[in-house]
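Have the viewer open and follow along.

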Amino acid sequence: MHRFKQKAVTGLTSILIVVIIIALFSLLRKILKMETFDAVSIIISAIESVGLIVSLIIAIKQLVGSKEIARATFITELNKSFVENEDYLAIYNLLQDCYDGDCKCENPCGERINMEKRCGIKIPKGQISNYLTFFETIYLLKNRGVISYDVIDDLFAYRFFLAVHSKLVQQSKIAPQPQNFVNIFRLECEWLGWRYAHGKDHDPGCGSVYVTLPLRNLVDNDTYVKMTEGCQTFKEVKVKEK
């Protein structure tokens, strides 16, 4: 129904434009006393031009619509590839249990943001690397303009920050070799900047996964600035560890 109304409005608008142009050229012919043949030629040319413009407008609208559909389909498939991956879900569930204070480890490390104690969860490092690689791919897609933060934030932000701001992922993979995860550092920095600009979860008092254990704490400031290419787009939030 909505599309029908849009087409009807477009059609009526086109007819109205043509009628107005014909009336204007008819008036112009009388004022300039042009021959009928010349006036008809001008009107025909004007109608053809209007038809071309209307066709271009319709084509552009259809192209934009098809791009939006393609983007929505792509995001759906991207989300599907995450939720159907057993390794991703295994890591996500472990991290969520830890965040909820329900760690299944035989020797729980206690306070989840106390980096002095080693996380005792045993999980293959390859699974963690694959989890991070998924988000490195998202970073590359975003940089190439395929997706944007406003499109992926609702679906993937929590999954990303739950992982990169966790003791398990930082102690097992990121902290030992931060230079291997430059894209993760850049993605975190840019995404935090976007979220801060949109008023999302920047309150250090909330203890959310977005502000606890930021990656900038893993390296010195000069290294961080270099790794993130000077990304300083968000207000620095310092979280006091207990």
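## Starting from D153

Contact here means heavy atoms within 4.5 Å. Along the chain, D153 and R195 are 42 residues apart, yet their C-alpha atoms are 8.5 Å apart in space. D153 sits in helix α5, residues 149–164, and it counts as buried because its relative accessible area is 4%. The labels work like this: buried is under 20% relative accessible area, exposed is over 50%, and partly exposed is in between, with a 1.4 Å probe and protein chains only.

Before going on, a word on what you're looking at. This is a predicted model, in which local features need pLDDT of at least 70 and side-chain atom pairs count only at pLDDT 80 or more, while totals for chains, interfaces and linings use all residues. Residues are numbered from 1 along each chain as its sequence is written, and side-chain values use heavy atoms, with hydrogens and water left out.

Now zoom out. The protein has 8 helices and 0 strands, so the pattern along the sequence is simply α-α-α-α-α-α-α-α, where helices (H or I, at least four residues) and strands (E, at least two) are DSSP runs numbered from the N terminus. Of its 242 residues, 36% count as buried. Among contacts with a separation of 6 or more, 76% are between residues 24 or more positions apart. The exposed surface comes to about 14900 Å², with carbon and sulfur atoms supplying 58% of it; these areas come from the Shrake-Rupley method with a 1.4 Å probe, and for residues only the protein chains shown count as cover.

How far should you trust the coordinates? The average pLDDT is 75, and 59% of the residues score at least 70, pLDDT being the predictor's confidence in each residue, from 0 to 100. Over residues 234–242 the pLDDT is below 50, although this stretch has 19 contacts in the model beyond near neighbours in sequence. Where pLDDT is low, the predicted coordinates should not be read in detail.

Next, find Y92 in helix α3. Not counting residues up to four places away in sequence, Y92 touches Y131, Y158, R159 and L162. Its C-alpha atom is 7.5 Å from that of A163, 71 residues away along the chain. With a relative accessible area of 22%, Y92 is partly exposed.

Two loop residues are worth a stop. K117 is in the loop between α3 (86–99) and α4 (125–143), and counts as partly exposed because its relative accessibility is 46%. L213 belongs to the loop between α7 (182–197) and α8 (221–227). L213 is buried, at 5% relative accessible area, and has a phi near 50°, a positive value in a residue other than glycine.

Finally, the second largest pocket holds about 160 Å³ of space. Its lining has 11 residues, of which R118, C119, I121, L168 and S172 lie nearest the centre. The elements giving two or more residues to this lining are α4 and α6 (167–174), and α6 gives the most, with 3 residues. By class, the lining has 5 nonpolar, 3 polar and 3 charged residues; Ala, Val, Leu, Ile, Met, Phe, Trp, Tyr, Cys and Pro count as nonpolar, Asp, Glu, Lys and Arg as charged, and the others, Gly among them, as polar. A pocket is an open set of points on a 1 Å grid over the protein atoms alone where a 1.4 Å probe fits, with protein on both sides within 12 Å along at least five of seven lines, and lining residues have an atom within 4 Å of a point. Points are joined across faces, edges and corners, and the volume is the space filled by probe spheres set on them.
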